[in-house]
Amino acid sequence: MQGGAYGAGMAGKPFDFMEYIKKPSVILRVISWVFAIIVFGCIASEGQRRLPNSSETYCAYGNDQGACGFGIFVGVIAFLACMVFLVVDAVFDNWSNVQHRKMAVLADLIFSGAWTFMYFVCFCYLTNKWVTMSPLLKPSQGKSANEAVIAFSFFSIITWALLTVLAFMKFRQGSQSAFAPSFEPTDQPTPYPGGATSVGNDSYQQPPFDSAKPDTEPSQPQYQAPAY
């Protein structure tokens with residue numbers, strides 16, 4: 001991230017759709033959005049089954065209504081959250097307020113981490129109920145749809161974990177930019193070398209402003225003894 005804390009210095013640039021759809025976070029969110037539709041859609045359509053010769057329904061996952069309800073809850077919330085964060089990603093570059101940017105990145109980090117865990121629980125929950133389901137109650141019709149829910153719950157763990165990593169990198173990079181100095185340190189001026197008396201083997205250096213004796217100094221007449 002460039003341009004100040006959380007990219008605030010880049011605020012105001014025009015929206016570029018091609019650049020937007022190439023963002024890794026946007027690509028992962030679209031994939032997670034599709035996975036969420038599959039998860040709650042398959043449970044809603046094929047997860048609720050009717051008992052033979054009866055009008056009563058049961059959950060295809062171990063006859064546990066909690067399993068079906070939990071799977072639908074996780075999928076629907078993930079579906080809605082993906083749309084919200086896709087909009088946030090689209091307008092993020094136009095926010096000039098650093099605090100708003102920080103809150104958006106932090107919300108992305110917390111939710112992505114939480115939904116990685118929720119999908120992990122969903123995968124384990126549904127898998128356990130599906131495996132321990134009585135063969136008499138396990139539906140033959142719609143079996144592939146119920147197994148697809150388990151598979152795409154596992155795939156969603158991966159996509160949301162990657163979104164968590166991207167959000168963490170964005171948050172850390174923004175925090176480092178927030179505390180970075182806003183100016184470049186200037187080079188310290190080199191002190192002018194002055195005269196110094198040599199010690200040991202060091203050579204004597206003439207002071208820079210030591211005035212030299214004039215070459216044309218009048219010579220003093222030398223005294224000569226008289227000859228006797």
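Visitor: Is C122 buried or exposed?

Guide: First, the ground rules: this is a predicted model, with local features needing pLDDT of at least 70, side-chain atom pairs counting only at pLDDT 80 or more, and totals for chains, interfaces and linings using all residues. Residues are numbered from 1 along each chain as its sequence is written, and side-chain values use heavy atoms, with hydrogens and water left out. Buried means under 20% relative accessible area, exposed over 50%, and partly exposed in between, with a 1.4 Å probe and protein chains only. C122 has a relative accessible area of 0%, so the call is buried.

Visitor: What is the phi of N63?

Guide: N63 is in the loop between β2 (57-59) and α3 (65-91); helices (H or I, at least four residues) and strands (E, at least two) are DSSP runs, numbered from the N terminus. N63 counts as partly exposed, at 42% relative accessibility. Its phi is positive in a residue other than glycine, near 55 degrees.

Visitor: How far apart are the end C-alpha atoms of helix α2?

Guide: The expected span of a helix is 1.5 Å times one less than its number of residues. For the 24 residues of α2 (residues 24-47) that should give 34 Å, which agrees with the end C-alpha atoms being apart by 33 Å.

Visitor: Which elements give two or more residues to the lining of the second largest cavity?

Guide: On a 1 Å grid over the protein atoms alone, a cavity is a set of points where a 1.4 Å probe fits but cannot get out, and lining residues have an atom within 4 Å of a point. The lining of the second largest cavity includes R29, F85, D108 and K170. The elements giving two or more residues to that lining are α3 and α4 (98-131).

Visitor: How much space lies in the second largest cavity?

Guide: A volume is the space filled by probe spheres set on the grid points, which are joined across faces, edges and corners. The structure holds two cavities of 30 Å³ or more. For the second largest cavity, the space is about 50 Å³.

Conventions
1 Å grid on protein atoms, 1.4 Å probe; cavity = no way out; pocket = protein on both sides within 12 Å on 5 of 7 lines; lining within 4 Å.
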